[in-house]
Amino acid sequence: MEANNKQNSTITQSIAQSITLKAVMVGFLIILLLIPSFMIQGLIKERQDRSRETIEKINSKWSDAQTICAPILSVPYTVSSMGPNDKLQYQQHVLNITPEVLDVKTKLSPEERHYGIYKTILYRSEQDLSGEFSLKSLPQLENATIHWDKSYLRLGVSDLRGITSNLTVELAGETYEAEASGSSDTSLGKELVVALAGDAVKQAGQPLSFHCRFNLNGSSSINYIPLGKTTNVHVTGSWNAPGYIGNFSPEHTLNEQGFDATWGVLRFNRNIPEVWTDNQVDSFRDSSFGVNLVETVDHYQQNMRSAKYAIMFIALTFVIFFFVETLTKKRIHPIQYLLVGIALILFYSLLLSISEQLSFGIAYLIASLSTIGLITVYTQSIFKNKVQTGMLTFVLCLLYAFLYMVLQLEDVALLIGSIGLFVILAIIMYFSRKVDWYKQEEK
């Protein structure tokens, strides 16, 4: 009976020390730790959504991102036709005419606003719009009576709350006040309407020059619609990290005082008709362009990208533990593997929470040093060997430095990451090439 118990104990101990079984257990722990890894990614997404909601609330009290659509000259006309029983019928239409030349000058004054740990970029701006309408090549309208005395200008601004000064338009030597129409056009956005005098547009053969100035508040970005046959937009601002968005790229300069950008768009470059009737044009958004004042990669995006490398950190750390255990016969309990894995996962929680208070670079340094220090102290208590502990610490330092480099290299991040992982695998294969796993198993 006693011999059987000893034999069972020996078998149990052999199974517990089996390399194959230990490898399976380590693999299972790696898969198990994917659960908190996904939870960390969910937490990052939740904090990112919370940040966006807070920024939207801040912006809503100031003004949203603005899109400016230059003046359109709208001329009502009536078309007569014979109906049933030879009765004369009349249909009302509006002819919309875009400017021949459009010049826009904008001076931006951005500023940061903070709400707790969240930050948004708001701006004040001075807008100067000028140009002219040419009425020489209008389409022939059969059986139509054009009501020049009822002509009006339409100016589109996406968020009228941002207008902080009276908007007046000078047209053909006369000054007119703009009023909100109370409606939202699908192509222009929120409309400002300028009713023109009866004789302002009746001389259809002469060009009509216009000029208007107004102050406009907004947030995050400012965009323009190139309605003119020739559109020139010049934007200056005291912001050192502008992003140029939309379908057209500007000529730009950047210095310590800010940026200077100029766009030149011709009628051949955009899909906007020069003249159309009623609401034949749905939207101009596909032709918009402008300046974005928000950083394209914020710390939440960097946190999410770093969290996707969690499985690599856990697997490589466990591989080192596994090799030390195999080659030195120093037994490491699965609970110890698990604790080290949890420490690696908590790095991402530390990084997220600290990066909301400090810059991402400083947060990464603090979180990585804290995690490496914790694992180093714990590993020393397990290995009781400074060389083995130092090797693990060195590898962790290389891994965290490699990850930070990948996070900074946006354009070639995939290339560098793939090459790095290939090199790491090659190193592991090189150092394990002479290990006789069957012999280790027999021992």
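Arginine 267 comes out as partly exposed, with a relative accessible area of 36% (partly exposed sits between buried, under 20% relative accessible area, and exposed, over 50%, using a 1.4 Å probe and protein chains only). The model is a predicted one, where local features need pLDDT of at least 70 and side-chain atom pairs count only at pLDDT 80 or more, while totals for chains, interfaces and linings use all residues. Residues are numbered from 1 along each chain as its sequence is written, and side-chain values use heavy atoms, with hydrogens and water left out.

Arginine 267 pairs up with glutamate 274 in a salt bridge at 3.0 Å, N to O (a side-chain nitrogen of Lys or Arg within 4 Å of a carboxyl oxygen of Asp or Glu). Glutamate 274 is partly exposed too, at 27%. Both belong to a salt-bridge network that also takes in Glu100 and Lys229.

In total, the structure holds 9 salt bridges. Another one joins arginine 47 to glutamate 356, with the closest N and O atoms 2.9 Å apart. Arginine 47 sits in helix α3 (residues 34-62) and glutamate 356 in the loop between α6 (334-355) and α7 (360-383), so this contact ties together parts 309 residues apart in sequence (helices, H or I, are DSSP runs of at least four residues and strands, E, of at least two, numbered from the N terminus). Glutamate 356 is buried at 11%, whereas arginine 47 is partly exposed at 26%.

Then there is aspartate 64 with arginine 161, at 3.5 Å, N to O. Here the loop between α3 and β1 (66-82) is linked to the one between β6 (152-157) and β7 (168-171), 97 residues apart. Aspartate 64 is partly exposed at 33%, and arginine 161 is partly exposed at 46%.
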